[in-house]
Amino acid sequence: MKVLIATDKPFAKVAVDGIRKEIEAAGYELALLEKYTEKAQLLDAVKDANAIIIRSDIIDAEVLDAAKELKIVVRAGAGYDNVDLDAATAHGVCVMNTPGQNSNAVAELAFGMMVMAARNMYNGTSGTELKGKKLGIHAYGNVGRNVARIAKGFGMEIYAFDAFCPKEVIEKDGVTAVDSADELYSTCNVVSLHIPATAETKNSINYALVNKMPKGGVLVNTARKEVINETELIQLMEERADLKYMTDIMPAANETFAAKFVGRYFSTPKKMGAQTAEANINAGIAAAQQIVGFLKDGCEKFRVNKK
Ligand code: 3PG
């Protein structure tokens, strides 16, 4: 059996070593495709792979067509919007993710960006503190829960909205569960986004919603760029010079944001939330173990596509 790691954005070497150990202990072979620049390289590498470990790499029908021997794809991470689930099902390929394995890393980066915004992008002027400010967590999944845990250390007042998470679950963590996204944005000085990119959430962070934020509001996005209505956010930030947007996922309109909103817009050059040795090890080794469990015992825990 051949397991391929196909990562445009490579794991830390220590994580690749750990994955190799798991794969070879199971009697399988490991192949590595990192930092590829052309889709053709991916199409070529998947030809004889029985299993693939990916990150945000695109697995579409063309890749699945090329991967004639493929049985399973594991997205080492949470969001699997980069995989065509219907095409995988049609090709008889199982798709899994590794929920929770990289969520602390993403949550820590959200705070890195919150502090940066509160301290005026470290430009030397007097900023503000997070202590005592109201933090809104938009979606209370694995990352959202880690954000709540860290926010307690900062002494923030914590609110969350999640349409799919019972209020009791949120409130058990000492977090105030609000009834709507509107209420979250109207209440909070800082909103941290943790929603997945789905048909329902795409473009949902729009003018009307963000405009509910109080004066000096900061929007932090370590989720997905697709959830932002960029045209409307640009319009709003033109009208409201008090708002800041901090993102780990470079917008399509990055140049416009960067040119228009100097001092109140920041984007990492490449999605960095899960880019820590710990997250790479946790998610990468979980992916390897899930592949071994699937190929040896047929275990389908964490499967995200239909059969
Ligand atoms: C995820 O969905 O797990 C995160 O967005 C991290 O994605 P990455 O593996 O591409 O860094």
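1. A residue is called buried if 20 or more other C-beta atoms, placed from the backbone, lie within 10 Å of its own, exposed if 12 or fewer do, and partly exposed in between. Phenylalanine 154 is partly exposed because 16 other C-beta atoms lie within 10 Å.

2. The model is predicted: local features need pLDDT of at least 70 and side-chain atom pairs count only at pLDDT 80 or more, while totals for chains, interfaces and linings use all residues. Residues are numbered from 1 along each chain as its sequence is written.

3. Phenylalanine 154 belongs to helix H6, residues 142-154 (helices are DSSP runs of H or I with at least four residues, numbered from the N terminus). Leaving aside residues up to four places away in sequence, phenylalanine 154 touches Leu130 and Lys131 (contact: C-beta atoms, placed from the backbone, within 7 Å). Glutamate 129 is 25 residues from phenylalanine 154 in sequence, with 9.0 Å between their C-alpha atoms.

4. The protein is divided into domain 1 (2-101 + 275-297) and domain 2 (103-267), with bounds from an automatic or database domain assignment. Eight residues of domain 1 and six residues of domain 2 make up the contact.

5. The ligand is surrounded by residues including Lys9, Arg55, Asn102, Lys271 and Gln275 (near: C-beta atom, placed from the backbone, within 6 Å). By class, this shell holds two nonpolar, six polar and three charged residues. Ala, Val, Leu, Ile, Met, Phe, Trp, Tyr, Cys and Pro count as nonpolar, Asp, Glu, Lys and Arg as charged, and the others, Gly among them, as polar.

Technical notes. Helices (H or I, at least four residues) and strands (E, at least two) are DSSP runs, numbered from the N terminus. Two residues are in contact if their C-beta atoms, placed from the backbone, lie within 7 Å.
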